[in-house]
Amino acid sequence: MALINGVTIAIVLFGIGLLGLILRRDLVIKLLALGLVNGSTILCLVSLNARVDGVAPIVHSPASVPYVDPLPHALVLSAIVINFAILALALVFVMLLVERYHTTDSQRIEHEIEGERTP
Amino acid sequence: MRRSSRGIIITASVLVICFCALLVMMFDYHGAREEAGVTYITKGTIDTGAANLVSAIYLNYRLFDTLFELLVFSVAVLGVRFYLAQQRGNEEEVTRIPESQVIRTSADLLFPPILLLGIYLVLFGHLSPGGGFSGGTVAGTGLLLCAVALGADVVGRRFHEPTLERFEWEILLAILLLALIPVLFGRLPFTDLLPRGRLGSLASGGSILIYNALIGVKVFIGTWVIIHYFVRHRGEI
Amino acid sequence: MTSQQALLVLLPFIAAFGLTRRRRFTAVIGMGMFSLTLSAVYLLLNAPDVAITEAAIGAALVTFIYVLAIRKTGRLVIVGDEAPGLLEREGDRITGLEQEILAGFAHHLGLDLVVHFLPREEVEEALLRGEADIAAGGIVHVDAEDRLLKTQGHLPTGLFHLTREDAVEPKQTQETEWIYFSDVLEAIRAQEKGAYTLDLARFIAVSRLDLSGYAVERLPGSFSYTFLLPPDREELHKRLSAYLDHLRQNGELDGMIRRYFS
C-alpha cells in the first residue's frame, strides 16, 4: 500500500486536531479542532476500502464494474449531518459560557469558576 | 506561566506523535473487510431495487440506525432551541442590516436553482448520488443565503415558526410509523413492502423515495431552526 | 502521484494553517477551506454523496454559525437622558463625547454598546435594578445617589437653575416627575411655567431659545460630569476608571473634548 493514502493522512489529521484541542486555549478554536478530529475520522472510514480503479457505488450495469464498497459511505453520511447539529449545540454552550464570563480563554474561565466555588 | 506552557507543548506533541505513529504502524492493510461490502454490491439492487447503493443501505438494510440518527438530530436541534430561547435579552434591539446590492441580487438569482438542486437530490436520491440528508442540507444552504441577504427574521416571518417546529417532530413520527406498518400485515417491522420497480426509473426502490423525502424535509427544517435561533441570539449578519 | 494523493498531502497543511491562527475569524475561514478540500478528496475517493453533504455542511453552515458565535459577546448597556454634545441622537446614530468614550470602552472589553434613553430620574433606578451597566448623559456628580459608584469627573461643568413663575400653565399635568430633556426643551419653547436645574451642556442647548421670561441663576461651586455604576459592579468600575485615566494620560480625552465643545 502506498504510504500516502486516506488512512494515514486521516491519522495525521487526527493528530493535528488532537494537538490543537490540547494546546490552544481559546474555546472556539478547541471546538474547531474537535470538528477536525470528526472530519479525520470520517475520512478514515471512507477511505478504508477505497480502490484505485473504483467507481462510485451507483449501479447501472451488472456487477462487473469494480464498485467501491458502499457501506462506509452510508454510515458516514448521516454522521456528517449529525456532527453539524451537535456542533451547533456545543457552540450554544460556548456562547452562554462566554457571555457569562466575558472571555473565551478556557484557563481564565476555569479560574473564575474555581473562584466562585471556593467562598 | 511561560515555562510550564512550553513544557506542555513539547510533552503533548511528543505524546500525540507517538500515538499517531503507533496507529499508522498498527494499521492492517490486508483485511477481510471486503466481505460485507461485496454482499451489498452484488445483491443490493436485487433486494431493494434502488440504483444508489448507499441509499439502499441506510434506508433499507440499516433503517434502524437511520431512525436513531434522526432522533439524535432532532434532540440536538431541540437543545439549541431550548438553551437559546432562555437567553433572550431584556429588549429586542432590532438591528437593521445594511442592504448589499450584490448579495441581494445573487440571492435572488441563486436561491431557486439551489432549492431545485436540493429537491432533485432528495427525489432522485435512490438513482444518483444524493439522498435525504444531502438534499435537505443543500436546501438549507439556499435558505441560509436568503437569510444572509434579507435578514433571518424577515425570512422567518414567511412561515409560521411554531407549526414548523412541531412539524419536524411529526415527520419523525411519520417515519417511525412507516417503518412499523409492515407489522399490520404480519411481517417484521422495517421491511419494505412497496414494489421494487424497474431499475433506474423514478418509481423504483420501494419506499426509499418516501423516506428520502421525509428526511429531506426534516433536515431542512432542522438546519433552518438552528440558523434562525443563532441569528436571533446574536444579531443579523 | 495521483490527484487524490496530491490533495491528501495538502490537507494537513491547510488544517495546520487553520488551527494556528491568532484571529478566530481567520481560523474559521481556514477550517472552511479545509472542509472544501476534504469534499474534493471525497469526490476523488468515489464517494459523491459524502462529498455533496460535506461541501454543503462544512463550507456553508458550519462557517456561518461559527461566525455568528465569535461575534462580540454580550452587551454593555448604557442608560441616560439626552444631553447635547455628550449623548445625543442624530437620526439613526448616537453621537457625543460620552458616547465616544463609552464606545471605546466597550470595544476594549469586547462588548457591543447599547444605549437606552430614559428620563433622568429613572436612570438610577435602572442601575439599581440591574437593568443597565453604566449611566451617562450629562450626570453631575453631586446630583446622584450615594450608593452608586461614580467615576472621576471627565469634564467640568456648571449648574444652572431656571425658574418661571408666571405665564402659561404646563400643557400636560405631569403626575410624575419623570420627563425627558426633550420635554424640557418643548416646555421652554412654549414658555411654560416650571423650575428646572440644568447642567452646562443642556443649558447651552436651552439658551438658544427665548429665555426672557425665565430667571436664570448659576449655582456656585464646581461640578463635573461623571458616569454612574451600580454598587455591585466594582470590577467594571475599576476598569472604567482605568480606561478614563488612560485616556486622560495620553491626551485623547482633551482631544475629544475639544472636538465636541470648541
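Author: First, a term: two residues are in contact if their C-beta atoms, placed from the backbone, lie within 7 Å. This is a predicted model, too.
Reader: OK. What share of the contacts in chain B with a separation of 6 or more comes from residues 24 or more positions apart?
Author: 73% of those contacts.
Reader: How many helices and strands does chain B have?
Author: Nine helices and zero strands. Along the sequence, chain B reads α-α-α-α-α-α-α-α-α.
Reader: And what percentage of chain B is buried?
Author: Of the 237 residues in chain B, 38% are buried.
Reader: Why is α3(B) largely enclosed by the rest of the structure?
Author: Because nine of the nine residues of α3(B) are buried. A residue counts as buried if 20 or more other C-beta atoms lie within 10 Å of its own.
Reader: Which residues are those?
Author: In α3(B), the buried residues are L53(B), V54(B), S55(B), A56(B), I57(B), Y58(B), L59(B), N60(B) and Y61(B).
Reader: New topic. How many residues of chain B are in contact with chain A?
Author: 46 residues of chain B, and they meet 35 residues of chain A.
Reader: Which elements of chain B give two or more residues to that side?
Author: α1 (2–26), α2 (34–48), α3 (53–61), α4 (63–86), α6 (132–150) and α9 (208–234) of chain B. The largest share comes from α4(B), with ten residues.
Reader: How do the residues on that side of chain B divide by class?
Author: 28 are nonpolar, 14 polar and four charged.
Reader: Now chain C. At what angle do the axes of α9(B) and α3(C) cross?
Author: At roughly 20°, and the axes come within 10 Å. Angles under 35 degrees count as roughly parallel, so α9(B) is roughly parallel to α3(C).
Reader: Is the crossing of α9(B) and α3(C) left-handed or right-handed?
Author: The crossing is left-handed.
Reader: Which residues make the contact?
Author: From α9(B), T223(B), I227(B), F230(B), V231(B) and R234(B). From α3(C), which covers residues 48–69, L61(C), F64(C), I65(C) and L68(C).
Reader: What classes are they?
Author: Seven nonpolar, one polar and one charged.
Reader: Last one. Into which domains is chain C divided?
Author: Domain 1 (3–69) and domain 2 (75–261). Their C-alpha centres lie 51 Å apart.

Methods
Residues numbered from 1 in each chain as written. Chains lettered and ligands numbered in written order. Predicted model: local features only at pLDDT ≥ 70, side-chain atom pairs only at ≥ 80, totals over all residues. Helix = DSSP H or I, 4+ residues; strand = E, 2+ residues; numbered from the N terminus. Nonpolar A, V, L, I, M, F, W, Y, C, P; charged D, E, K, R; others polar. Axes fitted to C-alpha atoms, helices over the stretch in contact; angles between N-to-C directions. Parallel < 35°, antiparallel > 145°, perpendicular 65-115°, else oblique. Left-handed = near helix turned anticlockwise from the far one by under 90°. Buried ≥ 20, exposed ≤ 12 C-beta atoms within 10 Å, placed from the backbone. Domains from an automatic or database assignment.
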